Amino acid sequence: IICPIAGSSKRVQTMRAVSTGVKAMEAAVPLATAPDALVRLDRLLQEHRHARLNAVGLRPSLADPFSLSPCHERDTLWVDLFFRGGHPAFADTLASTIEELEGRCHWGKHIGLSARQFANQYRRLPEFRLAQATLDPARTFASPFSRSIGL
């Protein structure tokens, strides 16, 4: 949790306790399919009201040329969602829905996708893996997170 440096230790402890188990997920869905995506995600959130923590954030973004960017070669609608961990049915359904919507997860937030689902999001991932094997054969820059999604 990020908190003000001036915050008291009691305040920091309280914020940590309140946020334990909270997941922040942001997915970039193709802007062309945004109406369908919003209907499907709304239905999912209505069915799992217990998991959602706050309002869903929405923002558009233009396409970019970077192969591992969630906005690679397509205009995008970002869907930002905070939810309670500990609800596997919701998390699994959310992951499969994001995959079906061809959503790509934000790299700095929770990625609840399997390595296979993640690989399906990025068509140039094999090229990245080849460069990775060449530039970092000992996997010095790998982490438990990158390994969990097949990087």
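## Exercises: a sheet, its helices and its rings

The largest nonpolar core has 27 residues, and those with the most contacts inside it are Met 25, Leu 41, Leu 81, Phe 90, Leu 94, Ile 98 and Phe 118. β1, α2 (34–47), β3 and α3 (88–100) each supply at least two residues of this core, and α2 gives the most, with 5 residues. A nonpolar core here is a set of buried Ala, Val, Leu, Ile, Met, Phe, Trp, Tyr and Cys residues joined through side-chain atoms within 4.5 Å.

Before you start, note that this is a predicted model, in which local features need pLDDT of at least 70 and side-chain atom pairs count only at pLDDT 80 or more, while totals for chains, interfaces and linings use all residues. Residues are numbered from 1 along each chain as its sequence is written, and side-chain values use heavy atoms, with hydrogens and water left out.

**Exercise 1. Find the order of the strands in the open sheet, and say which strands are at the edges.**

Step 1: Helices (H or I, at least four residues) and strands (E, at least two) are DSSP runs, numbered from the N terminus. Two strands pair if DSSP finds at least two bridges between them.

Step 2: Look at β3 (residues 76–84). Strand β1 (residues 22–30) is joined to β3 by 9 bridges, and the two run antiparallel. Strand β2 (residues 57–61) is joined to β3 by 5 bridges, again antiparallel.

Step 3: Check single partners. Lys 23 has Phe 83 as its bridge partner in β3, and Ala 27 has Val 79.

Step 4: The 4 strands form an open sheet in the order β2-β3-β1-β4, with antiparallel pairing. The edge strands are β2 and β4, each of which pairs on one side only.

**Exercise 2. Is β3 mostly covered or mostly open, and which helices lie across it?**

Step 1: Buried means under 20% relative accessible area, exposed over 50%, and partly exposed in between (1.4 Å probe, protein chains only). In β3, 7 of the 9 residues are buried, so by this definition the strand is mostly covered.

Step 2: Turn to the helices. Contact means heavy atoms within 4.5 Å. Axes are lines fitted to C-alpha atoms, for helices over the stretch in contact, and angles run from 0 to 180 degrees between N-to-C directions.

Step 3: α2 lies across β1, β2 and β3, at about 10 degrees to β3. α3 lies across β1, β3 and β4, at about 175 degrees to β3.

**Exercise 3. How are the rings of Phe 83 and Phe 90 arranged?**

Step 1: Rings of Phe, Tyr and Trp (its six-membered ring) pair if their centres lie within 6.5 Å; planes under 30 degrees apart count as stacked, over 60 as edge-to-face and the rest as tilted.

Step 2: A search of the whole structure finds 4 aromatic pairs. The rings of Phe 83 and Phe 90 have centres 5.2 Å apart and planes at 70 degrees, so this pair is edge-to-face.

Step 3: Phe 83 is buried at 3% relative accessibility, and Phe 90 is buried at 0%. Not counting residues up to four places away in sequence, Phe 90 touches Leu 44, Leu 45, His 48, Ala 51, Leu 81 and Phe 83.

**Exercise 4. Which residues do ring pairs link into a cluster with Phe 118?**

Step 1: Ring pairs link Trp 107, Phe 118 and Tyr 122 into a cluster.

Step 2: Compare two of these residues. Trp 107 is partly exposed at 30% relative accessibility, whereas Tyr 122 is buried at 2%.

**Exercise 5. What does the side chain of Gln 117 make a polar contact with?**

Step 1: A polar contact is a pair of N or O atoms within 3.5 Å; within protein, one must be able to donate a hydrogen and the other to accept it, and residues adjacent in sequence count only if both atoms are side-chain atoms.

Step 2: Gln 117 is in helix α4 and is buried at 10% relative accessibility. The side chain of Gln 117 makes a polar contact with the side chain of Glu 99 (3.2 Å).
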